[in-house]
Each structure stands twice: as structure tokens, then as C-alpha cells.
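Subject: Structure handover

Hello,

Here is the structure we talked about. Please open it alongside this note; what I found follows below.

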Amino acid sequence: MLEAVKASRYRWVILGVATFTQAAAAFFVQGIGAMSVHLRQDLELNTTQLGLLLSAAQLLPLAGLLVAGRLLDRHDERWVVGIGALVVAVALAAGSAAPGYVSLLVVLLVVGAGYSTIQPGGSKSVASWFDASQRGLAMGIRQAGLPLGGVLAAFALPSLATAFGWRSTLVAGALVALSGAVAFMALYRRPPGQRPVPTTSRVRLELPREPYMKKIILSGMSMVSVHSGVGVLTVPYLHEVTSMDSASAALIYVAVQCAGALGRICLAAWSDRHRSGRYAGVLTCLAAVIIGMMLLTTPISRSPVAACLLFIWLGFFGIGWYGPWVAYAAESAPPDHTGFALGLAMAVNQVAVILAPPVLGLLTDLTGGFAPAWALLAALTAVTLTTTARL
């Protein structure tokens with residue numbers, strides 16, 4: 001009885017350290033959007049090259065997430081996640097000596113390899129400690145670590161870049177990622193009595209054909225594209241279209257990330273009690289994103305106030321969707337194959353994560369405006385909403 005009480009209390013420690021490690025590992029990459037004006041000026045980048053920076057950190061997870069998923073079903077999350085965060089820290093520390101744009105791309109490739117373990121590992125660790133009645137809330141809080149990392153980065157990194165140059169931001173990112181690695185390895189423990197169970201090749205082959213996995217993959221790719229679009233285009237849009245100065249635009253980006261963190265918690269907690277199940281929350285986010293993106297293509301979005309409100313709306317739903325989505329993915333998978341299922345879903349998402357920033361940046365450069373990018377995201381989201389609702 002006493003052991004059960006201690007375990008019930010310790011799960012909140014697990015939630016706290018998993019959330020902190022998520023925020024710490026994502027700190028630098030999530031801050032690239034807020035530094036977009038500085039990077040474009042210092043490195044003489046166009047929007048397409050800026051989008052490639054965001055994509056570089058997401059390339060190796062295409063395979064890395066699948067490997068991480070299998071490792072998580074075989075080994076303790078403590079070491080899989082902790083070592084991944086250490087790789088992020090070492091890569092960023094080495095990258096502080098990068099001479100230019102190409103070197104920075106290489107650094108972000110290595111960062112992506114380390115980060116592959118953080119998302120599925122943290123999600124699996126929280127899912128294993130919380131039962132269904134509170135799993136959505138717990139997963140939402142944990143997933144809020146990503147936008148919270150973005151919030152802190154948006155406050156700190158532009159100021160560091162202004163005062164000491166863009167290389168100083170990599171040093172800061174390395175120190176933050178290192179603190180996350182140390183915290184997770186020091187504090188994380190498996191739930192009492194739980195042992196890793198290896199996946200079988202038959203289950204791994206059958207997973208992509210399951211209807212629930214099709215819904216997870218389609219909605220994940222669509223909403224990841226939206227999240228990427230908001231990340232790479234928010235500050236340039238506010239700076240160029242609404243004539244907002246770069247500092248004010250970065251503050252609005254902070255508000256967008258805060259809205260995303262709040263959305264991940266609120267929408268996931270709502271999914272704990274929604275009669276239609278967790279996926280109803282994902283469908284709600286898809287519909288809300290369509291509305292927001294379409295409004296961004298209208299003249300009303302040229303108003304600074306209207307644009308700010310629209311981006312905060314998109315932050316709440318276009319970033320907040322991940323809370324109910326990852327809870328749905330964790331619960332839908334076979335109990336002994338949660339790590340692989342999460343790794344598979346997130347690996348497929350990486351296709352959109354990699355392609356969306358440069359494609360949206362290129363579309364913006366070629367057309368000389370942002371409306372085509374918003375319209376494309378709205379159309380893709382509408383197709384996803386229609387398809388997954390039928391499934």
C-alpha cells in the first residue's frame with residue numbers, strides 16, 4: 001500500500017522531468033523562428049534557406065524515430081532519452097564554432113539525430129505512469145514542453161543574438177539541453193513491476209494498416225505542416241505585412257507558443273472526458289485551423305491586431321493539437337508496442353516536418369506573398385479533416 005502511494009506521488013515527478021527535458025532539448029530549434037530576422041540579416045538568407053534550417057533538424061529522425069521506438073520497447077527510457085539529450089547538447093556546443101550557414105545545417109542534422117529519442121521516449125514514459133482517467137492531461141502537460149521551450153527561446157535567443165552574435169545562441173542551447181539530459185537520467189524510473197517487452201516483426205508490419213494508425217498518420221502530417229508554417233512564417237509575416245518591428249513580432253511569437261502550450265494541456269484534458277473519444281479533439285483542431293488559415297488570406301489579416309489574434313488562435317489549435325493526438329496514439333497501440341507505434345507515427349510526421357518549411361518558404365519567395373502558403377495549408381487540412389472523419 002505504501003509503495004502504491006509513493007508511486008502515485010512519484011508519477012508527478014516523472015511528468016515534471018519529462019516536460020523539462022522536452023523543453024530543454026527543443027529549446028534551440030524552437031527558437032529559430034524567433035531569430036529569423038537576425039539569421040536572415042547575419043547570414044544573408046532568404047525565406048527558403050530559413051525553412052531549410054528548420055528542416056535540417058528534422059531529417060535524421062525519419063529513421064531515428066523508428067530506431068528510438070524499438071529501443072524504447074527493449075531498454076529503459078532513462079538511458080535512451082538521456083543519451084539522446086546529451087547528443088543534442090554536444091552537437092550544439094560543437095556548432096558554436098560553425099563558420100556559416102552550411103556548417104549550421106550540419107549541426108542541426110546531428111541535433112535531430114539526438115532529438116529522435118525525446119518525443120517518443122517522453123511520451124511513453126508518461127503514458128506508462130498514468131492511467132486512462134488522467135493520461136490525456138498528463139500527456140498534454142508533457143507535450144506543452146515543446147512550445148514552452150519555444151517561449152523561453154523566443155525571449156532569450158534574439159537578445160543573445162543581438163548582444164553576442166548568433167553563435168552564442170548555440171552555446172545557450174547546449175547548456176539547456178545538457179541540463180535536461182542530466183535531470184532525466186537522475187530522476188527517471190520505470191513504474192514498479194514494469195519490464196520492457198520486445199516487439200515482434202508481425203505486429204510491426206501490421207501496425208501501418210490499422211485504421212487508427214491511418215487516422216494518426218494523416219492528421220499528424222497535416223497538423224505538423226501547420227505547426228511548421230506557423231513557426232517559420234509568423235515573424236516574417238508580422239514584420240513584412242503588418243509593418244511590425246522585429247522585437248514586437250518576436251513577442252507575438254512568444255504569445256503564439258504560449259497559446260500552443262495552453263492548447264496542448266486544455267485540449268488533452270478535454271479529451272479525457274469527451275464522450276466521442278480523444279480523436280474528437282483532433283478533429284476540432286483541424287476545423288479550427290482551416291478557419292484561421294482562410295482568414296489569413298483575407299485583407300483583415302493586414303491589421304496588426306487581427307493578425308496577432310489569428311496567430312494566437314492558430315497557436316492554440318495548430319500547436320495544441322498534439323496533446324490529444326499523442327494520447328490517442330499511445331492508447332490505440334498494443335500495450336507492449338507503444339514505443340514502436342509512437343516512433344512510427346512520429347517518423348511519418350517527419351516527412352511533413354522536413355518538407356513543409358522549405359516548401360512554404362519557396363512558395364512565399366516565388367509568389368511574393370504569404371497568402372498562397374496559408375491557402376495551401378488550409379486545403380491540406382480540409383482534405384485531412386474529411387478523410388479522417390470518414391475513417
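Start with serine 228, which sits in helix 12, residues 211-240. Bear in mind throughout that the model is predicted.

Serine 228 has a relative accessible area of 12%. The cut-off for buried is under 20%, so serine 228 counts as buried. Its contacts beyond four places in sequence are Val353, Ala356 and Pro357. Isoleucine 319 lies 91 residues away from serine 228 in sequence. In space, the two are 9.3 Å apart, C-alpha to C-alpha.

Next, helix 17 and helix 18. Helix 17 covers residues 338-367, and helix 18 covers residues 371-390. Their axes come within 8 Å and cross at roughly 140°. Angles over 145 degrees count as roughly antiparallel. Helix 17 and helix 18 are therefore classed as oblique to each other. On the helix 17 side, the contact uses Leu360, Leu363, Thr364 and Thr367. Helix 18 brings Pro372, Ala373, Leu376 and Leu377. The residues of this contact split into 6 nonpolar and 2 polar, with no charged.

Helix 18 also packs on helix 14, residues 279-296. Here the angle is about 155°, and the axes are 9 Å apart. With the cut-off at over 145 degrees, helix 14 and helix 18 are therefore roughly antiparallel. The crossing of helix 14 with helix 18 is left-handed. Helix 14 contributes Tyr279, Leu283, Leu286, Ala287, Val289, Ile290, Met293, Met294 and Leu296 to the contact. From helix 18 come Trp374, Leu377, Ala378, Thr381, Ala382, Thr384, Leu385, Thr388 and Ala389. The tally for helix 14 with helix 18 is 15 nonpolar, 3 polar and no charged. Note Leu377: this residue of helix 18 is listed in the contact with helix 17 and in the contact with helix 14.

Last, helix 16, residues 322-332. How many of its 11 residues are buried? The count is 9, so helix 16 is mostly covered. The buried ones are Tyr322, Gly323, Pro324, Trp325, Val326, Ala327, Tyr328, Ala329 and Ala330. What covers these residues includes helix 7 (118-129), helix 8 (132-143) and helix 13 (246-273). Helix 12, helix 14 and helix 17 are also among the covering elements. Helix 12 is the one that holds serine 228.

Best wishes

Definitions and conventions:
Residues are numbered from 1 along each chain as its sequence is written. This is a predicted model: local features need pLDDT of at least 70, side-chain atom pairs count only at pLDDT 80 or more; totals for chains, interfaces and linings use all residues. Side-chain values use heavy atoms; hydrogens and water are left out. Helices (H or I, at least four residues) and strands (E, at least two) are DSSP runs, numbered from the N terminus. Buried means under 20% relative accessible area, exposed over 50%, partly exposed in between (1.4 Å probe, protein chains only). Contact means heavy atoms within 4.5 Å. Axes are lines fitted to C-alpha atoms, for helices over the stretch in contact, and angles run from 0 to 180 degrees between N-to-C directions. Angles under 35 degrees count as roughly parallel, over 145 as roughly antiparallel, 65 to 115 as roughly perpendicular and the rest as oblique. Ala, Val, Leu, Ile, Met, Phe, Trp, Tyr, Cys and Pro count as nonpolar, Asp, Glu, Lys and Arg as charged, and the others, Gly among them, as polar. A crossing is left-handed if the near helix is turned anticlockwise from the far one by less than a right angle, and right-handed if clockwise.
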